[in-house]
Structure formats: structure tokens, C-alpha cells
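Here are a few notes to go with the model you passed along. Have it open while you read.

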Amino acid sequence: MFEGLLKPGTLVLIALAIVIAVYLFILEKRTKSDVAAALCKKYAVMTTELLASVPNEELVQAVVSNVMSKQDKRKPDAAAQLPLLSRGRAAVYSVWLLCKELETQDFSTVFRSPSRRFAEPAADGLERIGASNSATALRAALRTAEEGTDSPLWEAVTTVFREAIATDQPLLLCVQYIRENPDEFVD
């Protein structure tokens, strides 16, 4: 059954396929890192003119890149930086981070990860940008999480939160908030 796999030529092809897969993974990761670095450089100093010129579909990422450009490169810690930011920047960054985490992880995993530190600021940020249903649902999840994510209410609370996020569309509300409050986002 596996006789063909044991031939030297087949083993070479398998090894070559593995090397190519690893190379492509590293290349993709490096490309994403290069793009992030370029955005941080581009938006390091946010002027009124630059902010106004950013298309809506890139606006939240521009603000996030601006925030990230201000972190200590040797020891980045966005949570320590939040209190130093304008209320608008802190709100948008926290909401963005929570939404991005939820795109790739379930709510329980986010609550057990280092991103948990951003949950309270994200709730405040959701309120600030006008996503009050999401803010209320997140605060309920925070209270329930104190009892443990294995609490009988946890699944119901997280479902309500995901539905509120889907309805409120906080990243779109961030765009609207940034456009209406540009002074909170310029250096």
C-alpha cells in the first residue's frame, strides 16, 4: 500500500513540497509584517490633511497604525499606552483589537488571552462610538466571566454579544466617529 512512498524520488518530492510550504508561510508572514511596518511609517504623524485623505475603508487601520507607531519598539505594550492616548484613539484601538481577535478566535479564547486586558477599554470604546448594544453585551460578558467561562450563562451571554457586534458593526461606527471627531486623531 505504501510501497510508492518509500522510493527515493518520492521522498525527495515530499521533502521539496515541505520546504516550499514552509518558505511560502515565512514569505506570507514577512509580507504582512512589511505591510504593517509601512503603514506605521506612513501614519506615524497623523495630520488633519492626512486623516482627511485616507479612504473610509482604510481609516480604522490608519488610526491603528498611528497608535502602533507610537509604541516602544523594544518593548511594545499597547495596554500601557492606552491611558496616554486621546479617548478617541483609545476607543478605536480597543474596539479594533477586540473585533480582530473575534475574527480568528472564539469569545472564550479571547477572554483567556492577553487581549482580555482590552475588554474594559473596548466596552468603553463601544459606548463612545455609539455601539451601545455591543457595549452592554460586553459588560454583561465581563460580569459573567468573573464567575468563569464555564458558567451556564456564558454561552448565552457570548451569543448575545456576537449578535450585538453583528448588528452594531462597530468598525463602521469607528469610521463615522473618526470622521466626526478628527481632532481626537491628529498629532
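How many helices and strands does the secondary structure of the chain come to? The answer is 10 helices and zero strands, counting DSSP runs numbered from the N terminus (H or I of at least four residues for helices, E of at least two for strands).

1. Ground rules. This is a predicted model, with pLDDT of at least 70 needed for local features and 80 or more for side-chain atom pairs, while totals for chains, interfaces and linings use all residues. Residues are numbered from 1 along each chain as its sequence is written, and side-chain values use heavy atoms, with hydrogens and water left out.

2. Overall numbers. Of the 187 residues in the chain, 40% are buried; buried means under 20% relative accessible area, exposed over 50% and partly exposed in between (1.4 Å probe, protein chains only). The chain exposes about 11,400 Å², with carbon and sulfur atoms supplying 61% of that; the areas come from the Shrake-Rupley method with a 1.4 Å probe, and for residues only the protein chains shown count as cover. Take the contacts (heavy atoms within 4.5 Å) between residues at least 6 apart in sequence: 64% of them join residues at least 24 apart.

3. The core. The largest nonpolar core has 51 residues, and Tyr 93, Leu 138 and Phe 161 have the most contacts inside it. Such a core is a set of buried Ala, Val, Leu, Ile, Met, Phe, Trp, Tyr and Cys residues joined through side-chain atoms within 4.5 Å. Elements giving two or more residues include helix 3 (56-69), helix 8 (132-147) and helix 9 (154-168), but the largest share, nine residues, comes from helix 5. Leaving aside residues up to four places away in sequence, Tyr 93 touches Val 64, Val 67, Met 68, Gln 71, Ala 78, Leu 82 and Phe 118.

4. Of salt bridges (a Lys or Arg side-chain nitrogen within 4 Å of an Asp or Glu carboxyl oxygen), the structure holds six. Lys 70, Arg 89 and Asp 187 are linked in a network of them. Asp 187 pairs with Lys 70 at 3.1 Å, N to O, and the two are 117 residues apart. Asp 187 also meets Arg 89 at 2.8 Å; Asp 187 lies in the segment after helix 10 and Arg 89 in helix 5, so this pair ties together parts 98 residues apart in sequence. Arg 89 is buried at 7% relative accessibility, whereas Asp 187 is partly exposed at 48%.

5. A local pair. Glu 103 and Lys 100 form a salt bridge at 3.5 Å, N to O. Both sit in helix 5, three residues apart, which means about one helical turn between them. Glu 103 counts as exposed at 56%, and Lys 100 as partly exposed at 33%.
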